[in-house]
Amino acid sequence: MRILTAAIGIPIAIYIINYGAWLFAAAVILLALLAWHEFYKMMQAKDIQVHCGIGLMGVILVLGCAWLGNAQELVMVILLVVLATIAKSVVSHAKFGMTDAAFTVLGTLYISLPFAHLLLLRFASPHEYIQTALGALSVGAAYLWLAFIGTWASDTLAYFVGSTLGRHKLCPAISPGKTYEGAIGGLIGSIAGVSIMGWVSGLPLVHTLLLGLLVGLAAPLGDLAESALKRFSGVKDSGNVLPGHGGVLDRFDAIMFTVPVVYYYIRTFVGY
């Protein structure tokens with residue numbers, strides 16, 4: 001089932017990312033809403049009553065700002081989420097306490113802001129194209145693929161190296177299966193994957209090496225962050241929307257950390 005899901009999902013992902021426009025935005029918004037629902041259900045398992053409506057509103061508005069708005073509107077939306085949540089805790093203090101309010105804000109920002117950076121990176125310079133070894137590719141799509149391929153290479157090599165050579169536990173209290181050897185393998189995989197995509201995109205070697213290093217560090221942090229969330233709530237998987245792969249958060253935990261890293265590196269040191 002895991003292989004079948006990947007065989008169906010990868011060609012669809014390639015088409016949606018390269019097509020961009022409204023189709024990519026709609027797909028990201030849908031994934032973010034599914035991720036919020038998974039967070040909501042995980043908190044219910046811990047008997048924390050996050051406010052589903054405020055979270056949905058926040059996710060939609062934050063991603064809408066990333067797609068069509070600006071930074072000032074984004075700050076306004078974040079403030080609206082915080083104030084609405086606190087107001088709810090005052091009006092319904094008997095059923096919706098400060099712990100519920102805190103996790104509502106945490107979950108909304110944890111999901112909406114990283115997914116918003118998928119839109120920010122993909123729609124960077126939408127009318128500019130890079131002549132790659134595989135043909136013309138929009139700037140945003142090229143850099144988004146760089147983040148995705150680096151993350152997938154990191155996860156893949158970390159798994160194989162960790163399962164065969166792993167001896168020293170990386171963070172046993174959160175994820176007992178992860179090892180330092182696997183993390184080093186993931187770092188090598190990330191540098192290799194980003195370097196290959198950087199070469200295809202014509203990105204200077206120094207940038208690909210630094211981006212590979214940063215992606216290789218960010219990916220396991222994203223994975224561990226979601227593992228900590230699942231351990232806290234007492235669930236094995238965030239959901240089952242992807243047969244054989246778990247939920248959206250299970251598949252995008254590392255991407256949620258690596259895409260913002262790539263976005264701000266490109267904006268700061270490469271420019272577009």
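Analyst: Helices (H or I, at least four residues) and strands (E, at least two) are DSSP runs, numbered from the N terminus. This is a predicted model, where local features need pLDDT of at least 70, side-chain atom pairs count only at pLDDT 80 or more, and totals for chains, interfaces and linings use all residues. Residues are numbered from 1 along each chain as its sequence is written, and side-chain values use heavy atoms, without hydrogens or water.

User: Where is the place of W67?

Analyst: W67 sits in helix 3.

User: Which residues make the nonpolar surface patch?

Analyst: Patches take residues with over 30% relative accessible area and no salt bridge; like charges are joined within 9 Å, nonpolar side chains (Val, Leu, Ile, Met, Phe, Trp, Tyr) within 5 Å. A salt bridge is a side-chain nitrogen of Lys or Arg within 4 Å of a carboxyl oxygen of Asp or Glu. Areas follow the Shrake-Rupley method with a 1.4 Å probe, and for residues only the protein chains shown count as cover. Here Y15, Y19, W22, W67 and L68 form a patch of about 620 Å². Helix 1 (2–19) and helix 3 (52–68) each give at least two residues to the nonpolar patch.

User: How many helices and strands does the protein chain have?

Analyst: The protein chain has 10 helices and four strands. From the N terminus, the order is α-α-α-α-α-β-β-α-β-β-α-α-α-α. Buried residues make up 44% of its 272 residues. The C-alpha atoms fill a box of roughly 60 × 50 × 35 Å along the principal axes.

User: What does helix 2 reach from its first C-alpha to its last?

Analyst: The expected span of a helix is 1.5 Å times one less than its number of residues. Helix 2 (residues 21–45) has 25 residues and reaches 37 Å, close to the expected 36 Å. Its buried residues include F24, V28, A32, W36 and F39. Just after helix 2, D47 has a positive phi of about 65 degrees.

User: What do the buried residues of helix 7 pack against?

Analyst: Contact means heavy atoms within 4.5 Å. These residues pack against strand 1 (129–132), strand 2 (135–138), helix 6 (139–165), strand 4 (175–179) and helix 8 (205–233). Among the buried residues of helix 7 are G182, G185, G186, G189 and G193. The 22 residues of helix 7 (residues 180–201) should span 32 Å, and the end C-alpha atoms are 31 Å apart, which agrees. G202 follows helix 7, with a positive phi near 75 degrees.

Technical notes. Buried means under 20% relative accessible area, exposed over 50%, partly exposed in between (1.4 Å probe, protein chains only).
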